[in-house]
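Hi there,

Here is the structure I promised to pass on to you. Have a look at it first, and then read my notes below.

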Amino acid sequence: MIAVEEFYFNEDFKEKTKNYDLEDSIGKLMIEKLNLPIEKVSQDVTVKEETEEYKKIFNVSFDDKIIILDRWIYLKDSKEPYQYYKLTIPFSLTAHPFVNL
């Protein structure tokens, strides 16, 4: 496995998407098909030491760092996130030139 993706949605999303193929782009579905009024996207990227759990998941025996991307999507007039997305990937698989991390 090269990455772990986790998606969490508002209950409304399940009902609105029951007739859609969720293997396709969820972002495209939210914007083009459902026309959701997205007002805010908040995203954090964190670099952490890899845990034993992630060493097993990614099948690595060496010490590496992991990159965790957390993203929250909010709809207009809503204080609660409509979607939460988390991506975890080994640092060694990225091409981004992080310096001195």
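Predicted model: local features only at pLDDT ≥ 70, side-chain atom pairs only at ≥ 80, totals over all residues.

Strand 4 runs antiparallel to strand 1 (residues 4-9), and six bridges join the two. If you look for Phe7, you will find that its bridge partner in strand 4 is Tyr85. Strand 4 is also joined to strand 3 (residues 65-75), again antiparallel, by eight bridges. There, Ile68 has Thr88 as its bridge partner.

Now for the rings. The count of aromatic pairs is seven. One of them is Phe7 with Phe9, a stacked pair with 6.0 Å between the centres and 5 degrees between the planes. Phe7 counts as partly exposed because its relative accessibility is 34%, between the 20% and 50% cut-offs. Trp72 and Tyr84 make a tilted pair, 5.5 Å centre to centre with 40 degrees between the planes. This pair links distant parts of the chain, as Trp72 lies in strand 3 and Tyr84 in strand 4, 12 residues apart. There is also an aromatic cluster made up of Phe7, Phe9, Phe13, Tyr82 and Tyr85.

Finally, the lysines. The charged end of Lys40 sits over the ring of Tyr74, 5.4 Å from the ring centre. Lys55 belongs to helix 3 (residues 52-58). Lys55 counts as buried because its relative accessible area is 12%, under the 20% cut-off. Among the residues that Lys55 touches are Glu50 and Asp63.

Enjoy exploring!

Notes. Residues numbered from 1 in each chain as written. Heavy atoms only, no water. Pairing = 2+ DSSP bridges. Helix = DSSP H or I, 4+ residues; strand = E, 2+ residues; numbered from the N terminus. Buried < 20%, exposed > 50% of the residue type's maximum accessible area, 1.4 Å probe, protein only. Contact = heavy atoms within 4.5 Å. Phe/Tyr/Trp six-rings, centres within 6.5 Å; stacked < 30°, edge-to-face > 60°. Lys NZ or Arg CZ within 6 Å of the ring centre and 35° of its normal. Lists of a residue's contacts leave out its neighbours within four places in sequence.
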